[in-house]
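Thanks for coming. I will go through a few local features of one model, and you can follow along on the screen.

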Amino acid sequence: MNGIVNTVAVMSGITGFLAFILTLARRTVGDYGMVEITINDKKKLEVRGGDSLLSALSSEKIFIPSACGGKGTCGYCKVKVLQGGGAVLPMEEGLVPADEIDEGVRLACQVKLKEPIKIEIPDELFNVREYSAVVRKIEDITPKIKHLVLDIVEGGEIDFKPGQYVQLVAPPYAESDESVQRAYSIASCPDDKGFIELIIGYVEGGICTTYVHKYLKEGDHVNFNGPFGNFFYKDNDREMIMVAAGTGMAPILSILRTMKSSGIKRRCSFFFGAKTRDDLFFLDKMQNLEESLFDFEFVPALSRIGPEDDWEGVRGRVTEPLMKHMDNVENKEAYLCGSPVMIDAIVKLLIEKGMDEKLIYYDKF
Amino acid sequence: MNGLNPFVLFAASIFTSNMILANFLGMCSFIAVSKDIKTSLGLGQAVTFVLTFTTVINYLLYRYVLIPMNLEYLRYIVFIISIAAFVQLVEMIVERQLPVLHHALGIFLPLITVNCAILGVSLFMVIRKYSLVQSVAFGFGSGVGWTMAIVALAGLKKRLNESRVPKGLRGAGITLIITGLMALGFMGFSGMVQIS
């Protein structure tokens, strides 16, 4: 009996002592106290130290774009740290180019708050909000692309520029045990503040696209945050050349709808690339815009269409009619939206045609 | 008491009784972290540090708490708890003071908790009846030996990246073969001193 009491007493003593030391360490070494964040030299925040800059900012309702949710793999959450960010981690060197590191650019998810910190972020990020919405409509417009209409709940409104994107939050679901955010351009017109439209393509194995394509139903609740992005309509009187493929139509559609609702009178042409007839969508909307806009032409091109198929439009790549149209680049500006490969190729061709690089705006998906 | 000179013990624990190459203890982080020399060195330092101090702590606990109370049989659970607590403490300190190292070690620092090299050293110390000074020399030497082995492996792996390894052996397979070869090489030292 004595032996048991002894054993238990010794073990409790040792464990208790170690627990005491650890608690003491947590209170001293592990406690970073309150840390002050100064944003753009004007806004000051007081947050609990020890967290990452990204999560501290998002808990203060300042949303930095991030696709991986703070794991340091996507490289989107770049923030300029002017003072007090600690050492640059090797992981960041892989995602932030060396010249940007020299300027103080860091990944917000990798900066731990331990001391007062001064950062610089684009002003428009202050506009970014978190929205909760209900799916009003979700339908297939091609076998692989869905059109979503999301009603913002409780009379919420979103202000954005046509061409910008939001980040849709896919919660954990049957095939994914973590919450992820993915960027999708808004297809609706900024005048419609109470809802947004998205065009989302299915990507094999994509966490968010699988969620949208296989699990999301009408009436479901979803969250998104935004708006983000510096690809948007520029107000001037140049002729507009738009090029997109697949879901890249979304931001272009938003721009066209804005031009229609604001009665903007600019000449514009939209070259849209797809593979087969099945990949085309919103032809009725485009026809409607052709009729109602001042001077608008929609040029769809199908790259995988057999000679026997019935198709009156362009056969082959979208670059052919585009280049024909661009023989004269005078007073034109271009809006490109699609895969990085496609955009790089078209930017190169346009520059060869003599177009000013500053007048080529693009959004790489 | 074991009459070995601490310096002899120190050298032996590096060369002839290397934790990895002679005892094959602590293999998990040895194989997982040995991709890069800098990180390996960092982990090696962490292991050495933890080894040296846990050996001392465990010696004191064993000598002054467990033996007087005839509770030697509790040594496994006591050693494991004290190692776990110490690693946790080190992690907090490293996170605060050396963020780059903390980041490089990532999940591996907590893994030291269950690194069998560390429990192994504490148990060897007890089984071989070392004194405090001997234990310190043995713990520190084992850490240095472990670091040396992992850094050597990281260097070899760097070379492996540029050589053609048969498909089926890539990754852990070739690493184990290399470790075996290194162990064979270290057997050459066995004439120096034997401590087992």
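K137(A) and E139(A) join their side chains in a salt bridge, at 3.6 Å from N to O. A salt bridge here is a side-chain nitrogen of Lys or Arg within 4 Å of a carboxyl oxygen of Asp or Glu. K137(A) is partly exposed at 31% relative accessible area, and E139(A) is partly exposed at 33%. For those words, buried means under 20% relative accessible area, exposed over 50%, and partly exposed in between, with a 1.4 Å probe and protein chains only.

Before I go on: this is a predicted model, where local features need pLDDT of at least 70 and side-chain atom pairs count only at pLDDT 80 or more, while totals for chains, interfaces and linings use all residues. Residues are numbered from 1 along each chain as its sequence is written, chains are lettered from A and ligands numbered from 1 in the order in which they are written, and side-chain values use heavy atoms, leaving out hydrogens and water.

How many salt bridges are there over all chains? The count comes to 17. In one of them, E92(A) meets R106(A), with the closest N and O atoms 2.8 Å apart. E92(A) sits in helix α3 and R106(A) in strand β4, so this pair ties together parts that are 14 residues apart in sequence. Helices (H or I, at least four residues) and strands (E, at least two) are DSSP runs, numbered from the N terminus. Are these two residues buried or exposed? E92(A) is buried, at 1%, and R106(A) is buried too, at 4%.

Another salt bridge joins D151(A) and R136(A), at 2.9 Å from N to O. D151(A) is in strand β7 and R136(A) in strand β6, 15 residues apart. D151(A) is partly exposed at 24%, as is R136(A) at 43%. There is also a network of salt bridges linking R238(A), R266(A) and E333(A).

Next, the strands. β12(A) and β13(A) run parallel and are joined by six bridges; two strands pair if DSSP finds at least two bridges between them. I241(A) has S269(A) in β13(A) as its bridge partner. Seven of the eight residues of β13(A) are buried.

Last, the backbone. The peptide bond from G226(A) to P227(A) is cis, with omega near 0°, and P227(A) lies in strand β11. N40(A) is not a glycine, yet its phi is positive, about 50°. N40(A) belongs to the loop between β1 and β2 and is buried at 17%.
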